[in-house]
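Hello,

Here is the structure for you to look over. My notes follow below it.

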Amino acid sequence: MDKPISSSSDKSKHRAALRALSYPEKVRVVVELQKMAAPILKARGKTVHIWPLT
Amino acid sequence: MKKALQIINEMERHGVIRKYAIGGAMAATFYVEPFTTFDLDVFVVLPHADDAILLTLTPVYDYLAAQGYLPEKECVIIEGVPVQFLPTYNPLLEEALAQAREIFYDDVSTRVLTLEHLAAIAVQTGRGKDRARLPLFMESEALDHRRLDGILARYGLTERWMQWTSP
């Protein structure tokens, strides 16, 4: 598991690193975020699709 | 995502749409840090947009249905990706699409709206989630403030921008 980000300067560096990713890498992150959010949304009765990367 | 973009490119080649560009959260993600979204918003110019009184997406939906891609709520599920087709219904969106950037997703060519147009569209649309994105846009080194000022002035959005972004 990734190390938690604690200080505000760590957070800014992390956000800058995310901004600098290539578009396909960013899409991979979006898909990971979808996987995290999907169970919560499904529990609320919403239909969601997690994107295939291909 | 890649296959969905290939299908949308085919739609453009086949004349089902005249031109398209990615907008919304997935266009913003090109410029800023990634954030959660489940839909791919695609702005389109329809083939007969110049002389049409009413813009209809029926030919788009029919083309996709013939290939087995069916609608679900306001989207069409293309290769597992919910795609929302949005016709360019006002001059700001027309300009945004005309000036969209060509990019590559892996080896697939596509277009995204510029960050300045995304910011102006967010101001024009005026929803809470659009407003919430503005700080991310403003933090991005990619934002050309001079260009944005020009767009906001052209479309009468400067005052709302000032209201939204002043501390």
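This is a predicted model: local features need pLDDT of at least 70, side-chain atom pairs count only at pLDDT 80 or more; totals for chains, interfaces and linings use all residues.

**Chain B overall**

Residues are numbered from 1 along each chain as its sequence is written, while chains are lettered from A and ligands numbered from 1 in the order in which they are written.

Chain B holds 8 helices and 7 strands. Both are DSSP runs, numbered from the N terminus: helices are H or I with at least four residues, strands E with at least two. Of the 167 residues in chain B, 37% are buried. Buried means 20 or more other C-beta atoms within 10 Å of the residue's own, exposed means 12 or fewer, and partly exposed lies in between, with C-beta atoms placed from the backbone.

**A hairpin in chain B**

Strands β6 (residues 101-105) and β7 (residues 108-112) of chain B pair antiparallel over 5 bridges. Pairing takes at least two DSSP bridges. B:Phe104 has B:Ser109 in β7(B) as its bridge partner. The two strands, β6(B) and β7(B), form a hairpin with 2 residues between them. In the turn, B:Asp106 has a positive phi of about 55°.

**One residue in chain A**

A:Arg28 sits in helix α2 (residues 23-43) of chain A. A:Arg28 counts as partly exposed because it has 16 C-beta neighbours inside 10 Å.

Best wishes
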